[in-house]
Amino acid sequence: MTTPDGQLSTSSPAPLNRRRVLAVALGGAAATVALPLPAWATDDQRPGAVNLPTLTPEDRRIVRQASANRAVNDLFTLSEKIGPRIGGTASERRAADFIARTLDRMGYDTTLQPFPVADKFLAELSSPTRLPWDLCWQAGASPQAALDTKARGQVIDVGAGAPENYPADAAGRIVLVDYVAAQREQLVATAVAKGAAAVVFLPADAVAPRRASAFSPTLPGSASTPVPIPVVGVAQAQKHRLRELVAAQRLVLVINTTAHRNLISNNVIGERVGSSGANGPVVMVCAHYDTVIGAPGANDDGSGTVLALELARVLKNVPLEATIRFALWGSEEQGLIGSRYYVRQLPQTERDRFLAVYNNDMVATSWDPATRYWLLSFDGQDNRATSEVTAAANRLGYVPQISPVTQRGSSDHQSFQEVGIASANFSWRGEESPALLEPPYHSPEDTIEKNISLERLQVSLELIGAATFATAKPA
């Protein structure tokens with residue numbers, strides 16, 4: 001999800017036959033995540049529905065085969081093994097290669113579409129005594145400070161960062177400083193004058209349910225003469241944990257900063273030509289696979305990515321009239337760069353082939369208030385994508401959970417609607433507004449354990465799968 005627009009409460013265990021315990025290696029330590037599994041049969045009434053489903057044969061094929069349980073295995077690879085996937089960096093490329101291999105194995109004609117993106121400046125935080133494993137510890141690094149270097153030191157919290165806030169023995173320490181944009185350069189200058197080894201800027205808490213994200217602090221006045229020490233920006237969740245650790249014990253922190261330059265991001269496209277031939281209509285299912293700094297991106301947008309991969313599995317051998325195309329976009333978080341690049345390369349004759357583009361961005365949050373499945377159109381108007389999902393919701397019995405078609409961009413459907421291609425974005429969000437997103441959004445807490453509901457992922461699979469099949473099936 002491109003623009004910021006609200007934790008998972010712990011519940012008592014469900015019966016074992018309705019849960020799956022998933023083990024994942026995190027930093028060498030084994031962790032288990034217990035997620036409630038979808039528990040309805042093909043013809044059962046769905047959660048939130050008021051009627052039993054009235055399924056077509058095509059719907060039944062989707063419902064019987066689409067599996068959130070299987071999709072979450074891919075999600076482990078993306079969000080836990082690879083982690084943050086910043087556009088153009090090596091981690092994003094590992095994710096692109098994983099997605100391409102997965103589509104290749106399923107028999108799709110798979111291509112990587114490269115395009116240039118801006119430099120990135122990142123930091124990794126660690127400690128000899130280990131930082132809490134349940135948070136991602138990637139942060140942003142200032143491009144006007146020390147890069148491709150390592151700083152190590154005992155951490156001190158200097159609060160507002162004025163000279164009087166520093167102890168006498170600040171030299172060689174890593175300092176936690178409250179970030180104030182208008183004062184950032186003076187705050188860094190004070191830290192340098194005091195002999196600090198590095199500055200860790202702590203963002204102000206965002207208005208709930210929002211939480212501030214990690215960031216790369218800019219220091220315009222230092223462009224010609226870079227600051228001699230690393231300067232990094234952490235997320236709100238990291239800030240509170242660091243302050244707790246400093247208050248409770250002597251904390252030694254290691255900060256590694258890296259400049260990623262001359263970057264190439266990639267779109268991953270998998271296609272199977274339908275019975276109408278190479279010039280026939282196209283139906284696309286898509287999502288973005290990159291993330292913001294410091295976010296493992298389980299829901300944003302690992303969930304949409306694995307939805308697309310799971311539907312690719314379900315539809316790989318199904319007779320279809322239309323060409324089915326699965327697209328996973330790079331560098332969405334930098335401004336829809338990947339999808340806009342793709343659309344710009346399409347001649348009008350190719351654009352005219354599209355029947356519908358089903359974009360999936362944040363389709364599995366476990367945040368309790370996210371009870372509405374939003375149909376988001378850039379122009380606010382109904383089109384083939386929104387109408388097919390609405391029809392699928394009627395057949396599946398999900399209507400009470402579905403929003404009216406609502407005007408909103410800020411995801412890859414916008415790139416298609418800007419040139420007249422029928423498209424929409426589909427997403428679980430709060431009941432009152434599509435701007436009401438879960439607290440882990442764009443944060444180190446966007447993990448499977450803290451921000452994924454397999455039940456909502458299954459609902460999303462059924463809705464998009466049924467709509468896609470209805471659009472692409474033989475006449």
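Which residues do ring pairs link into a cluster?

1. The cluster consists of W329, Y342, F354 and F416, which ring pairs join to one another. As a caution for this and every later point, the model is predicted. In total, the structure holds 11 aromatic pairs.

2. The rings of Y373 and F426 are stacked, at 6.3 Å centre to centre and with 15° between the planes. Y373 belongs to strand β15 (residues 372-377) and F426 to strand β17 (residues 423-429), so this pair ties together parts that are 53 residues apart in sequence. Both Y373 and F426 are buried. Y373 also pairs with W428, here in an edge-to-face manner, with 5.3 Å centre to centre and 65° between the planes. Since W428 lies in strand β17 and Y373 in strand β15, this pair ties together parts that are 55 residues apart in sequence. W428 is buried, as is Y373.

3. On the overall fold, the protein has 12 helices and 17 strands. Its radius of gyration is 23 Å, close to the 23 Å that the globule rule gives for 475 residues, so the protein is as compact as a globular protein of that length. The C-alpha trace spans about 80 × 55 × 40 Å along its principal axes.

4. Regarding burial and surface, 60% of the 475 residues are buried. The accessible surface amounts to about 17,800 Å², and carbon and sulfur atoms account for 52% of this area. The protein carries 44 positive and 47 negative charges, whose mean positions are 4 Å apart.

5. Helix α6 (residues 298-315) includes G304. With a relative accessibility of 0%, G304 counts as buried. Leaving aside residues up to four places away in sequence, G304 touches A287, N360 and V363. The C-alpha atoms of G304 and Y289 are separated by 8.0 Å, the two residues being 15 apart along the chain. D301 also lies in helix α6, and a cis peptide bond with omega of about -5° joins D300 to D301.

6. Another cis peptide bond, with omega of about 5°, joins A208 and P209. P209 is located in the loop between β8 (198-202) and β9 (231-233).

7. Q45 is placed in the loop between β2 (29-36) and α1 (57-65). Is this residue buried, exposed or partly exposed? At 39% relative accessibility, Q45 counts as partly exposed. Its contacts, not counting residues up to four places away in sequence, are V50, N51, L52 and P53. Although Q45 and L396 are 351 residues apart along the chain, their C-alpha atoms are separated by 8.3 Å.

8. Phi of N262 is near 55°, a positive value in a residue other than glycine. N262 occupies the loop between β10 (252-260) and β11 (263-272), and is exposed, with a relative accessible area of 74%. For S331, phi is likewise near 55°, a positive value in a residue other than glycine. S331 sits in the loop between β13 (323-329) and α7 (337-345). In contrast to N262, which is exposed, S331 is buried, with a relative accessible area of 0%.

Technical notes:
Residues numbered from 1 in each chain as written. Predicted model: local features only at pLDDT ≥ 70, side-chain atom pairs only at ≥ 80, totals over all residues. Heavy atoms only, no water. Helix = DSSP H or I, 4+ residues; strand = E, 2+ residues; numbered from the N terminus. Buried < 20%, exposed > 50% of the residue type's maximum accessible area, 1.4 Å probe, protein only. Contact = heavy atoms within 4.5 Å. Rg over C-alpha atoms; globule rule 2.2 N^0.38 Å. Areas by Shrake-Rupley, 256 points an atom, 1.4 Å probe, with all protein chains shown as cover. Lys, Arg positive; Asp, Glu negative; His and termini not counted. Charge placed at Lys NZ, Arg CZ, Asp CG, Glu CD. Phe/Tyr/Trp six-rings, centres within 6.5 Å; stacked < 30°, edge-to-face > 60°.
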